[in-house]
Amino acid sequence: MGDIVNGAEALIRSLESEGVEVIFGIPGGAVLPLYDELFDSDIVQILTRHEQAAAHAADGFARATGKVGVCIATSGPGATNLVTGIANAYMDSSPIVAITGQVTVNMIGNDAFQEADITGITMPITKHNYLIKNPRDIPRVVKEAFHIASTGRRGPVLIDLPKDVQTEEFEYHNPGKVNLLGYRPTLKGHPRQIKRAADLIVKSERPVIFAGGGVIASSAHEELRQLAELIPAPVTMTLMGLGAFPASHPLSLGMIGMHGTKYANYAVTESDLLIAVGVRFDDRATGKLESFAPEAKIIHIDIDPAEIGKNVRVDVPIVGDAKLVLKELLKYVKYRARKEWQDKIERWKRKYPLSYSKDDKTLRPQYIVEKVNELVPDAVIATEVGQNQMWTAQYFKFEKPRKLITSGGLGTMGFGFPASIGAKVALPDETVIDIAGDGSFLMNIQELATAVDFEIGVKVFVLNNQFLGMVRQWQELFFNRRYSNVCLRCRRMEFTKIAEAFGGKGIEVTKPGEVEDAIKQALEIDDRPVVVDFKIAREENVFPMVPAGAAINEIIG
Amino acid sequence: MKHTLAVLVENKPGVLARVAGLFSRRGYNIDSLAVGITDNENLSRMTIVVEGDEHVLEQVTKQLNKLIEVIKVSDLQPEESVERELALIKVNVDPEKRAEIMMITDIFRARIVDVSTRTMIIEVTGDEDKINALTTLLRQYGIKEMARTGKIAMIRGSKVIKREKG
Ligand SMILES: Cc1ncc(C[n+]2csc(CCOP(=O)(O)OP(=O)(O)O)c2C)c(N)n1
């Protein structure tokens with residue numbers, strides 16, 4: 001016989017048996033029973049100040065560790081506040097489980113107080129979701145939710161739990177094995193396709209590896225390196241793929257796409273074989289599709305069959321887990337010298353390095369990112385969205401996976417800071433820095449309170465241009481410098497004072513000469529958040545750049 | 001080009017919304033959708049007629065397969081399957097045309113299932129062409145109302161659509 005428990009207790013037990021150690025969330029009427037149960041639980045509970053931040057923190061936790069992140073919100077507004085965070089996790093295939101309270105079962109559909117149809121709302125932005133009407137389903141559903149979130153192409157799962165289901169008592173039984181008729185991700189690649197891929201690779205003259213977030217998700221970075229060295233082929237990465245291949249490796253081409261390196265974009269354009277691993281051919285990476293890798297045959301390895309052939313025609317499709325597929329592929333690929341191709345790429349690299357103008361007086365964001373990289377090369381770096389994100393992607397040399405935490409697919413301003421909190425909670429001994437824009441930071445700045453409360457020593461390095469910088473850049477380049485609604489010149493606002501008022505540490509930097517000391521000072525503090533307000537050159541732009549709709553080799557600047 | 005998909009799904013609340021939502025958000029055009037349970041009460045079968053080229057069909061199939069509650073998606077070839085639809089058609093009946101309408105009904109092996117002084121309801125089963133042909137003929141008398149089930153279909157012969165995901 002099992003113990004008699006109520007739904008809330010069953011949920012917490014189920015979370016514990018999934019190994020959940022920390023959750024992010026905010027209580028409210030419809031989750032009172034749950035929070036009452038949590039009061040006695042060993043699960044660490046991080047009370048955020050906004051549910052969006054709870055979802056982002058769970059996401060940051062997941063990205064930093066590869067484990068499932070968990071967030072909780074009450075019904076209605078609590079649940080809808082999670083929505084951006086869930087959509088963000090969905091777009092970047094990040095495994096989170098979101099738990100929401102719901103009005104009592106008999107009230108559902110009556111527009112009761114704080115009712116929102118959160119399973120309906122999140123249907124298109126979750127991998128799957130559940131509305132539990134019977135507490136006996138809780139153990140099974142939680143188990144399924146974690147299984148779905150963390151296998152195949154990872155993603156968010158939401159569980160909606162009406163209040164009366166939380167209080168109803170029943171006999172608890174451990175769920176059996178997960179049995180989902182309609183969910184059996186393909187992990188092993190098709191042997192014949194793998195051999196065909198190897199054939200194409202051996203025959204190719206100008207191969208390029210194109211690696212994305214899928215490589216990181218499946219921990220295939222080591223196999224990827226072996227493959228690149230074996231062929232040998234240069235490697236370019238999407239934003240989500242940065243860290244999948246060491247930036248310092250001679251075969252690294254850095255990032256592809258809109259703000260990628262010229263040599264990556266040129267190499268892909270001239271290649272005769274593109275080996276795409278864990279990418280989804282997003283428009284920010286490919287530019288104009290008709291001109292993308294026009295001379296190349298394409299091998300596409302991905303765990304999600306629906307990604308294969310979605311945006312580009314593929315010559316060799318391989319559905320499977322990147323790590324398993326690459327392991328197999330390594331058995332058939334043989335080394336072949338491709339001196340001409342390598343020389344050409346070397347020439348491009350020498351001719352078109354990433355660069356920016358340097359002088360002693362102007363505080364430039366690229367210099368700050370380089371300094372951070374120099375002083376803490378191993379740090380976990382979160383970013384916000386906009387120029388700050390692109391400068392980080394360009395100038396921080398990511399050597400390892402799971403070091404960059406950034407909102408790629410959705411491009412969510414306000415993601416970086418709460419995500420960095422999630423990462424720091426997961427990895428308390430690591431340095432975690434959110435490289436932020438002033439606009440983005442303001443979108444979840446209230447989380448300073450969370451970081452102070454829980455003594456979370458994250459650092460926020462604000463590249464403060466007093467603009468919605470990336471939008472301003474587009475207005476400068478494509479709208480005749482008509483700076484419509486992008487100026488954030490809050491003359492009296494000081495980030496340092498905001499940080500201090502919350503109980504954190506604030507440091508202001510206005511000159512290049514102060515950068516190093518400020519970073520070092522920030523690094524010494526680990527028991528509260530530190531905000532460094534870098535007053536950067538206001539109209540610095542991100543270059544190089546592919547204009548919207550252009551081919552990636554039409555890269556300018 | 002029209003394709004007929006047989007979609008085996010778990011018989012759970014919300015599954016229809018998931019499927020319908022997928023079609024609208026990805027911009028696929030549904031011609032018709034019919035759904036009912038199977039001999040296994042835990043499973044429902046949807047027959048979806050979708051308009052699109054091979055690329056669209058491939059994407060629709062793959063995206064449907066990604067839904068956790070979708071168990072199997074099969075593209076039914078018209079030449080290899082039986083396709084049926086049922087329609088109820090309410091027509092105006094002038095007394096002097098009554099015999100004529102009854103004759104047409106007969107020719108189509110349709111049935112008259114309701115009669116009043118001014119109207120009749122005709123029930124017809126068949127493939128899309130047959131139902132279209134009948135409605136074209138009946139239009140001259142004035143169709144007052146029509147309800148169609150949408151197509152259901154099944155592969156001919158011993159081949160069946162099984163539970164394992166394809
Ligand atoms: C939530 C949200 N709203 C709006 C945008 C559109 N947007 C993209 S970049 C950007 C400006 C970002 O400004 P800031 O955070 O100051 O960063 P900067 O580009 O100056 O580094 C905006 C408004 C977005 N990506 N996310």
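**Entry 1**

I started at Arg481(A), which sits in the loop between α20 (469-478) and α21 (495-502) of chain A. Helices here are DSSP runs of H or I with at least four residues, strands are runs of E with at least two, and both are numbered from the N terminus. This is a predicted model, where local features need pLDDT of at least 70, side-chain atom pairs count only at pLDDT 80 or more, and totals for chains, interfaces and linings use all residues. Residues are numbered from 1 along each chain as its sequence is written, chains are lettered from A and ligands numbered from 1 in the order in which they are written, and side-chain values use heavy atoms, with hydrogens and water left out.

I checked the backbone of Arg481(A) next. Its phi is near 60°, a positive value in a residue other than glycine. Arg481(A) counts as partly exposed because its relative accessibility is 47%. The scale I used calls a residue buried under 20% relative accessible area, exposed over 50% and partly exposed in between, with a 1.4 Å probe and protein chains only.

**Entry 2: Ala293**

I looked up another positive phi. Ala293(A), also not a glycine, has phi near 40°. I found Ala293(A) in the loop between α12 (283-286) and β13 of chain A. Is Ala293(A) buried or exposed? Its relative accessible area is 0%, so Ala293(A) is buried.

**Entry 3: cis peptide bonds**

I noted a cis bond between Ile231(A) and Pro232(A), with omega about -15°. Pro232(A) lies in the loop between α10 and β10 of chain A. I noted another cis bond from Phe543(A) to Pro544(A), with omega near 0°. Pro544(A) belongs to the segment after β20 (530-535) of chain A.

**Entry 4: the parallel sheet**

I traced an open sheet of 6 strands in chain A, in the order β11-β10-β9-β12-β13-β14, with parallel pairing. Two strands pair if DSSP finds at least two bridges between them. The edges are β11 (252-255) and β14 (316-319) of chain A, and each pairs on one side only. Neighbouring strands are turned by 15° against each other on average, direction ignored.

Helix α8 (191-203) lies across β12 (273-277), β13 (297-302) and β14 of chain A, at about 135° to β14(A). Helix α10 (221-230) lies across β9 (207-211), β10 and β12 of chain A, at about 170° to β9(A). Axes are lines fitted to C-alpha atoms, for helices over the stretch in contact, and angles run from 0 to 180 degrees between N-to-C directions.

**Entry 5: α15 against α16**

I checked α15 (365-375) and α16 (387-395) of chain A, whose axes come within 9 Å and cross at roughly 50°. That makes α15(A) and α16(A) oblique to each other. Angles under 35 degrees count as roughly parallel, over 145 as roughly antiparallel, 65 to 115 as roughly perpendicular and the rest as oblique. From α15(A), the contact uses Pro365(A), Gln366(A), Val369(A), Glu370(A) and Asn373(A). From α16(A), Trp391(A), Thr392(A) and Tyr395(A) take part. Contact means heavy atoms within 4.5 Å.

**Entry 6: Thr126**

I ended at Thr126(A), in the loop between α5 (118-122) and β6 (128-131) of chain A. Thr126(A) counts as buried because its relative accessibility is 5%. A polar atom of its side chain lies 2.8 Å from the backbone oxygen of Thr122(A). Beyond neighbours within four places in sequence, Thr126(A) is in contact with Ile86(A), Tyr90(A), Pro156(A) and Leu158(A).

How values were computed
Polar contact = N/O pair within 3.5 Å; in protein donor to acceptor, adjacent residues only side chain to side chain.
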